Amino acid sequence: FNKFKNSVTNEIQHILDECKLALDDVNDKNLSEFSNVEKGIKISRKYLQQLRVVLRKRNFINNENEILFFKKQKPFIYGQLKFYAKLYKYLLQKPRGTDKSKRNYLDAEIKKLQEYYYYNSEFIKYYRQNATFLDEFYFLRGNDNIGLLSDTSHFYTDAEFSTSHDNAVAKILAYDLLLNHYTNELNDLKKSTRKISNNEKLLESLSLTWTSNKIDLIELIYSLIASGAVKGDIKDLATAFEKIFDIDLGNYYRSFLEIRGRKEDYARFLDLLKISLLKKIKEADN
């Protein structure tokens, strides 16, 4: 009897330990990358299925073991699966635009989590305080009390592998992880914004003036991109030069058409730069 009891307990604990070890490796990586989040989903699904198989083969030795399983053990893995699934959806839907749009989206996602905490505060308080007086209704199969249900989706779940509130615990664990992830990402964005602001202040303190024609600067910009000396987009580099020199380049795409339309001396400004540099070198040598 004790050997059977220990076998079930050890088997479940072994699954939990292996799952935690595998997920620790995933969590050490960048969770802003789809590939890492997909690994988290696959791992948690794999070990959740292993728990399901254990319950198909064996029965719990007593109510205490069953409550422990549905209150702590299954929700640990199920909560990880919910976390990675929600994070995957977030990565698909989050804006690719400005930092401001990303911050607004994160604020909205955090607000959703906070609303869930608010509307389910009674059960969350019960769980966080490690209360036990309702465990027999919350975490024993077939013993649910309809008056205590806040989530009707329980009626559609697998009765052999679910109780009325193990899903709620998993959701709390998942949302705690999401809140931590969103908060860290939001803080990183704020730091990035402050850094950009500091760089803009630095630019304002510089005393640099572009004295040549605007089309000359546009010729330089296109040359830097075309040569590969600067990796990036024409628009981004043009914007950078506009900020550095406090200048409005206007429609630089049209200006490039003017450069292409020259009958000769396509690189007029670049030729001038070369002549000026060679002259400077000769003067320095003398």
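Ile281 counts as partly exposed because its relative accessibility is 41%; buried means under 20% relative accessible area, exposed over 50%, and partly exposed in between (1.4 Å probe, protein chains only). The model is predicted, so local features need pLDDT of at least 70 and side-chain atom pairs pLDDT 80 or more, while totals for chains, interfaces and linings use all residues. Residues are numbered from 1 along each chain as its sequence is written, and side-chain values use heavy atoms, without hydrogens and water.

## Salt bridges

The whole structure holds 11 salt bridges, each a side-chain nitrogen of Lys or Arg within 4 Å of a carboxyl oxygen of Asp or Glu. One of them joins Asp135 to Lys71, with the closest N and O atoms 3.0 Å apart. Asp135 lies in helix 6 and Lys71 in helix 3, 64 residues apart; helices are DSSP runs (H or I, at least four residues), numbered from the N terminus. Asp135 and Lys71 are both buried.

Glu185 and Lys94 form a salt bridge at 3.2 Å, N to O. Glu185 is in helix 7, whereas Lys94 sits in the loop between helix 3 and helix 4. Glu185 counts as buried because its relative accessibility is 14%, and Lys94 counts as buried at 18%.

## Helix 9

Helix 9 covers residues 234–245. Its buried residues are Ile234, Leu237, Ala238, Phe241 and Phe245. These fall within an arc of 100° seen down the axis, so they line one face of helix 9; the arc is that of the directions from the helix axis to the C-beta atoms. The buried residues pack against helix 8 and helix 10, contact meaning heavy atoms within 4.5 Å.

Technical notes: Helix = DSSP H or I, 4+ residues; strand = E, 2+ residues; numbered from the N terminus. Expected span 1.5 Å × (residues − 1).
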